[in-house]
Number of protein chains: 2
Amino acid sequence: MHKLPSRLLEQAVDELAKMPGIGRRTALRLALWILRQEKEDIGILGNTLIKLSESICYCEQCFNISDHAVCGICSDPTRDRSRICVVQDVRDVMAIEQTGQYHGLYHVLGGVISPIEGITPDELTIEALVQRVAGGEVKEIIMAINPSIEGDTTTFYIYRKIKDMYMVISTIARGIAVGDELEYADEVTLGRSILNRVPYESSLRG
Amino acid sequence: MHKLPSRLLEQAVDELAKMPGIGRRTALRLALWILRQEKEDIGILGNTLIKLSESICYCEQCFNISDHAVCGICSDPTRDRSRICVVQDVRDVMAIEQTGQYHGLYHVLGGVISPIEGITPDELTIEALVQRVAGGEVKEIIMAINPSIEGDTTTFYIYRKIKDMYMVISTIARGIAVGDELEYADEVTLGRSILNRVPYESSLRG
């Protein structure tokens with residue numbers, strides 16, 4: 001890394017390099033780009049980031065990012081209120097929404113239980129989920145937490161909390177991705193895809 | 001790209017995606033990272049970028065980035081004031097400084113002449129360079145502008161402006177990079193490296 005000719009530039013590189021996936025070399029490139037922009041434009045950039053950090057809200061029902069107390073999905077009267085899809089974070093909501101295949105509600109946990117990282121169940125929104133389910137309107141909970149030791153632990157923890165509440169608890173299907181070749185799939189995924197095979201007719205949907 | 005659940009988030013992604021090399025997907029990842037940080041830390045990030053944009057100075061002699069009216073290199077009494085290395089932008093100064101092989105001064109043009117991009121000679125610091133040279137202290141001008149049609153045009157334009165001013169005008173050596181293999185070098189570079197061959201003894205330096 002080159003020695004920088006200015007303290008201001010150095011501070012900016014230090015700050016930019018804190019962002020994930022941005023090394024010091026990229027940070028320097030971004031800082032030099034900032035120097036070539038209009039002051040007003042960088043004012044907008046800086047203030048937009050600050051405003052995002054200060055003013056963002058989370059939906060008080062599903063904990064998705066929202067500009068209002070209740071998010072667009074939870075307040076949409078056309079959504080199926082009898083289904084809740086439980087996900088790890090807001091990116092998962094966006095990914096599932098993108099498919100256009102799901103019309104129920106969501107519940108964003110805000111992470112997974114992780115003893116190593118010191119994340120305990122009460123730091124997640126699990127208790128709020130149990131409260132929502134206790135309302136009685138919900139007929140199905142779809143667990144869509146990423147598969148990992150922590151993710152599977154979290155799924156099982158939630159399963160134990162709600163299994164006696166008279167509703168269907170499902171998980172999203174794991175299997176060979178559409179377009180992938182069998183010979184390159186890992187054994188666990190291929191094994192699950194055989195165990196959880198579906199009627200041919202249902203594979204013709206979507 | 002997923003539909004975003006919040007206007008604030010969308011604005012932040014729009015702003016971040018204006019940065020070079022940052023696509024909308026990366027911008028979203030950065031915006032979601034911002035949401036997980038402390039408000040104070042993002043305040044520092046945003047304000048550092050604004051301060052960089054608002055308060056950065058350029059050295060009034062060489063036009064390098066500087067915290068003062070005259071930069072650290074120009075004000076260093078140990079530097080050889082009889083040589084000026086002419087470069088396109090501040091990154092080139094950093095790169096040459098990093099080598100530790102040059103102890104003269106610099107002159108940052110701020111770009112190259114480019115009719116296509118509408119950059120004319122008077123938008124660069126060429127006139128200031130001519131003034132510096134006219135001072136009479138300078139014995140050598142080292143042209144270190146990147147080789148391209150625009151770069152070579154700029155080098156030639158400057159050469160014509162200063163060629164009658166009784167000093168050595170040199171360009172940095174072009175050749176096979178140290179560590180590169182001859183068979184993979186392009187013809188022009190390999191050709192120039194033969195034409196501009198140097199005595200074996202001088203290749204033993206550095």
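**Exercise 1. Which residues does Pro20(A) touch, not counting residues up to four places away in sequence?**

Some ground rules come before the solution. This is a predicted model, where local features need pLDDT of at least 70, side-chain atom pairs count only at pLDDT 80 or more, and totals for chains, interfaces and linings use all residues. Residues are numbered from 1 along each chain as its sequence is written, while chains are lettered from A and ligands numbered from 1 in the order in which they are written.

Step 1. Find Pro20(A) in the loop between α1 (7-16) and α2 (24-36) of chain A. Helices (H or I, at least four residues) and strands (E, at least two) are DSSP runs, numbered from the N terminus.

Step 2. Apply the contact rule: the C-beta atoms of two residues, placed from the backbone, must lie within 7 Å. Pro20(A) then touches Arg29(B) and Trp33(B).

Step 3. Check burial. A residue is buried with 20 or more other C-beta atoms within 10 Å of its own, exposed with 12 or fewer, and partly exposed in between; C-beta atoms are placed from the backbone. Pro20(A) has 10 C-beta neighbours inside 10 Å, so Pro20(A) counts as exposed.

**Exercise 2. Describe the side of chain A that touches chain B.**

Step 1. Count. Chain A gives 50 residues to the contact, and chain B gives 50 residues.

Step 2. Assign them to elements. At least two residues each come from α1, α2, α3 (39-55), β2 (65-66) and α4 (90-99) of chain A. The largest share, 15 residues, belongs to α3(A).

Step 3. Sort by class. This side of chain A has 24 nonpolar, 16 polar and 10 charged residues. Here Ala, Val, Leu, Ile, Met, Phe, Trp, Tyr, Cys and Pro count as nonpolar, Asp, Glu, Lys and Arg as charged, and the others, Gly among them, as polar.

**Exercise 3. Work out how the two copies are related.**

Step 1. Compare the surfaces. The same surface serves both copies, as 100% of the contact residues of chain A recur in chain B.

**Exercise 4. Buried or exposed: how do Phe63(A) and Tyr166(A) count?**

Step 1. Phe63(A) is in the loop between β1 (57-58) and β2 of chain A. Tyr166(A) lies in the loop between α6 and β6 of chain A.

Step 2. Look at phi. Phe63(A) is not a glycine, yet has a positive phi of about 70 degrees. Tyr166(A), not a glycine either, has a positive phi of about 55 degrees.

Step 3. Count neighbours. Phe63(A) has 23 other C-beta atoms within 10 Å, so Phe63(A) is buried. Tyr166(A) has 10, so Tyr166(A) is exposed.
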